[in-house]
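Please examine the structure shown below, with attention to its strands and to the side-chain contacts between separate parts of the chain.

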Amino acid sequence: MVAKLLGTLIILAALTIGYTILKEDLDLPKTSGKKESAVCVQLTPAQQLAKMINDDFQNLEAEGQLPAEWKDIATVEIRMNSTLARTILGKERPNIQRVKQGANYLELEIVDLPDDENPGVIIQASLFNIKSKNKIFEIGRTYTMNDLNKIIPEKTTEGPAKKDATTSLQDVPGTDTSPTATAAPVEETTAPPTPQSPQQPRK
C-alpha cells in the first residue's frame, strides 16, 4: 500500500515538472518576440534627419550653449532653401519646443552644403524678440550625410541618442540685425538664402 502511494506521488511530481518545463518552452518565443519589437524601431531617412537635428539642439540646450530665451519660443518659421533637405525630409520637419505665450520667435534657414564626397545641409538658427524684433541669438549647424548614416535605430526603452551618434557640427558667429519676417505660427517659406562663408563639417 505504501509502495503504491509513493509510486503515485512520484508520477504526479514527474508530470508536474514536465508540464512546467513544457510551458516555459512554449512561452519563450512569444516573450522574446515582444522584447525584440519593443527595443528597435526602424526610422525612415526623413525621421533620421529630423531626429538628428532635434537631438543636436536638445544637446546644445542641455550643455548650456543656448540662451535662456530659447525656452520662450512662441513660433518657428522655416525658410527651406535646401534641395537636399527638401528631398530627404518631405513633409517631416524638425520639432522645436514652443510655448503658447512665448516672447520670442525662431527663424530656421536651411541651405545646401555643396560637397561632392560628403554633401549635407546647413541650418542657420536666428532667435528674435517678437515685440522689439531685435536679434537675440544666432547659431549655425552643419549636418552631413556621413552623420546621417551614423544614426542607429531608435530604442523605445531608452532616452535620446547620444551626441556622438548624431552629428559632427560647427558654429557660425552671429550678428545683430533686424529680421525680414514677422512672427507667425509655424510656417515654411522659400526665399533667397542669406550670404555666408562656406562651412566644412568637423571631422
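F128 has a relative accessible area of 2% and is therefore buried, a class that covers values under 20%, whereas exposed means over 50% and partly exposed lies in between (1.4 Å probe, protein chains only). The model is predicted, with local features requiring pLDDT of at least 70 and side-chain atom pairs pLDDT 80 or more, while totals for chains, interfaces and linings use all residues. Residues are numbered from 1 along each chain as its sequence is written, and side-chain values use heavy atoms, without hydrogens and water.

The ring of F128 is paired with that of Y105: the centres are 5.3 Å apart and the planes lie at 25°, so the pair is stacked. Rings of Phe, Tyr and Trp (its six-membered ring) pair if their centres lie within 6.5 Å; planes under 30 degrees apart are stacked, over 60 edge-to-face, and the rest tilted. Y105 belongs to strand β3 and F128 to strand β4 (residues 120-129), so that this pair links parts of the chain 23 residues apart. Helices (H or I, at least four residues) and strands (E, at least two) are DSSP runs numbered from the N terminus. Y105 is likewise buried, at 2% relative accessibility.

The count of aromatic pairs is 2. F57 and W70 are also stacked, at 5.6 Å centre to centre and 10° between the planes. Because F57 lies in helix α2 (residues 45-62) and W70 in the loop between α2 and β2, the pair ties together parts 13 residues apart in sequence. Both F57 and W70 are buried.

Strands β2 (residues 73-81) and β3 (residues 104-113) pair in the parallel sense over 8 bridges; pairing requires at least two DSSP bridges. In β2, 9 of the 9 residues are buried. A salt bridge joins E107 and R79, with the closest N and O atoms 3.3 Å apart; E107 lies in β3 and R79 in β2, 28 residues apart.

A salt bridge places a side-chain nitrogen of Lys or Arg within 4 Å of a carboxyl oxygen of Asp or Glu, and the count comes to 5. Among them, D56 and R141 meet at 3.0 Å, N to O. D56 lies in helix α2 and R141 in strand β5 (residues 135-144), so this contact ties together parts 85 residues apart in sequence. Both D56 and R141 are buried.
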